[in-house]
Amino acid sequence: MGERIATRDAYGDALLELGKKRKEVVVLDADLSGSTKTAKFAKVFPERFYNIGISEQDLIGTASGLSLTGKLPFASTFAVFETGRAWEQIRQTISYSSLNVKLVATHSGITVAEDGASHQAIEDIALMRVLPNMTVIVPADGIETKQVIEAIADFYGPVYVRLGRSKVPVVMPDDYKFTIGKAYKFHIGKDANIIAAGIMVSVSLDAMEMLKKEGIDAGVINMPTVKPLDNDAVVEAAKASGLIVTAEEHSVIGGLGGAVCEFLAENYPVPIKRIGIKDTFGCSGPSDELMKLYELTADDIVRTVKQGLKR
Amino acid sequence: MSQVSASNDIAFLREQAKTVRIEILKMLAEAGSGHTGGSLSAADVATVLYFSKMRHNPKDPAWKERDRFILSKGHAAPLLYTVLALSGYFDRSLLNTLRKIGSPLQGHPCSKLLPGVEISTGSLGQGLSIANGIAMGLKMDGINSRVYCILGDGETQEGQVWEAAMTAAHYRLDNVCAIIDNNGLQIDGHCCDVMALEPIAEKWDAFGWHVIDIDGHDIKAILGAFDEAEGIKGKPTMIVARTVKGKGVSFFEGKVQYHGMAPTSEELERALKELE
């Protein structure tokens with residue numbers, strides 16, 4: 001677990017590679033191409049890149065129009081603006097008409113850090129998950145991000161991909177192959193299973209090792225596709241352990257935790273604990289300190305698992 | 001060229017616009033709800049587009065080289081459905097199903113359900129951005145088709161319209177021709193009382209558009225404006241069509257209450273007498 005790559009950097013590289021392979025790929029950004037890393041694509045393919053300026057609603061509408069002529073648009077900006085500012089445009093056009101537009105947002109979650117709550121999207125998964133026809137993907141690391149970008153290009157329909165600003169440990173194996181709707185099981189535990197997405201996958205793996213030392217067999221399942229959820233993997237984890245803990249850098253309402261709770265409550269009820277932002281806004285600070293402040297560390301997961309097991 | 005019944009014959013187009021108005025009123029009366037005023041005000045512009053100006057093929061709605069039409073003011077759906085039916089995209093009898101369960105003629109246009117509808121609309125302020133995206137895609141592919149987009153005047157109170165206005169000018173989308181159906185009324189009253197719009201033409205000019213100001217019920221002027229727009233290079237065109245809400249039926253004209261109200265059967269009878 002030595003290497004650390006920001007998922008947005010992996011996106012910039014993957015998008016450039018995709019652009020080389022597929023001429024129909026067009027990229028749109030709203031004045032943040034340096035930060036979202038779409039600038040890499042723009043530099044090599046300026047004729048296929050549109051900077052729409054600071055106007056997210058127009059960004060979404062323009063991307064929709066391009067898709068209607070058979071292009072494969074990737075529209076990027078920060079998660080809070082893409083899913084918040086332009087939510088209704090996404091709903092009315094992309095989701096309602098099921099357009100082949102890829103919404104790839106960066107700077108999600110509190111690890112945006114110093115910029116503070118205005119820029120920290122903690123509700124974007126919920127906002128996208130509620131839309132019909134929408135697929136929602138939260139890659140765990142750079143390897144998975146690259147795979148996700150290739151996979152969604154081959155998939156016809158609207159997709160939201162949630163990426164981050166900060167460097168995160170590489171956790172997925174080199175030969176990993178991402179499939180939309182499929183979870184990756186690092187380990188299925190007998191005492192508890194942690195279902196995680198995004199940067200919380202690596203944190204969960206740390207917690208798993210810590211729990212092991214204390215004699216607790218906790219598993220970790222990476223759930224990159226929050227919608228459609230890998231129901232089989234969720235049931236398998238619930239059956240194996242009887243305690244499920246979800247972990248995400250997002251509000252505990254409406255995200256991965258919400259999705260898992262909704263599914264298990266109706267299909268295989270077991271005790272569940274949700275780790276995430278507890279219905280509050282973030283604040284400014286270094287990202288590692290924020291992770292502690294909002295109780296998103298491996299220690300927090302260990303404590304939560306023990307509480308769930310009443311140990 | 002796969003045109004339905006292309007014509008520059010002004011008498012024919014006037015007659016066709018009358019037929020369009022009659023069909024709009026009939027379908028609205030049958031539905032019992034829907035937007036009368038704004039469907040009638042834009043009827044002449046849409047008639048000229050569908051029966052004269054636009055290259056399109058009802059037998060092949062996905063024809064790559066067709067001109068595109070986006071009804072940004074999606075509440076004028078009855079107008080769009082009528083010109084599509086009269087063009088031959090679907091059977092005219094379908095017009096009687098407007099707003100009913102299972103009908104592809106939704107209260108506002110749905111592109112997944114009805115051939116000929118380029119994209120679903122209904123939430124105001126969004127169509128011009130979509131038109132721009134289509135125009136960019138066509139240019140990339142070297143297709144000379146044009147993209148027409150009708151906006152309501154009240155609709156331009158939406159901020160996104162001005163984002164799109166900047167984008168079209170910035171990317172020099174001369175294949176975009178937008179039309180503002182300037183009937184001066186919106187649901188809550190006169191636009192000038194709700195949220196003043198004027199000077200409309202000067203605003204679009206300042207945003208870098210070629211602006212043509214016309215009487216939106218003068219068929220000859222409408223034809224002339226579309227011809228002029230086609231010759232403009234390097235910038236998009238905005239046709240400010242000065243219209244009358246409810247045009248064609250004396251007791252609907254200029255009446256704000258008929259923005260979102262369908263004719264009763266008695267009103268329909270009187271209206272048809274006036275038109276026929």
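## Chain B: fold and dimensions

Chain B has ten helices and seven strands (DSSP runs numbered from the N terminus: helices are H or I over at least four residues, strands are E over at least two). This is a predicted model, in which local features need pLDDT of at least 70 and side-chain atom pairs count only at pLDDT 80 or more, while totals for chains, interfaces and linings use all residues. Residues are numbered from 1 along each chain as its sequence is written, and chains are lettered from A and ligands numbered from 1 in the order in which they are written.

Along the principal axes, the C-alpha atoms of chain B fill a box of roughly 50 × 45 × 35 Å.

## Chain B: burial and contacts

Of the 276 residues in chain B, 52% count as buried (20 or more other C-beta atoms within 10 Å of the residue's own; exposed means 12 or fewer, partly exposed in between, with C-beta atoms placed from the backbone). Counting contacts in chain B between residues at least 6 apart in sequence, 77% join residues at least 24 apart (a contact requires C-beta atoms, placed from the backbone, within 7 Å).

## The side of chain B that touches chain A

Chain B and chain A each give 22 residues to their contact. On the chain B side, the elements giving two or more residues are α5 (127-140) and α6 (159-170). Of the elements, α5(B) gives the most, with nine residues. By class, this side of chain B has eight nonpolar, ten polar and four charged residues (nonpolar: Ala, Val, Leu, Ile, Met, Phe, Trp, Tyr, Cys and Pro; charged: Asp, Glu, Lys and Arg; polar: the others, Gly among them).

## Helices α9 and α13 of chain A

Helix α9 (residues 200-213) of chain A packs against α13(A) at an angle of about 55°, with the axes 8 Å apart (axes are lines fitted to C-alpha atoms, for helices over the stretch in contact; angles run from 0 to 180 degrees between N-to-C directions). That angle makes α9(A) oblique to α13(A) (under 35 degrees is roughly parallel, over 145 roughly antiparallel, 65 to 115 roughly perpendicular, the rest oblique). Residues in this contact include V203(A) and M210(A) of α9(A) and I301(A) and V305(A) of α13(A). The contact has eight nonpolar, one polar and one charged residues.

## K310 of chain A

K310(A) lies in the segment after α13 (298-309) of chain A. K310(A) is exposed, as 7 other C-beta atoms lie within 10 Å.

Technical notes:
Two residues are in contact if their C-beta atoms, placed from the backbone, lie within 7 Å.
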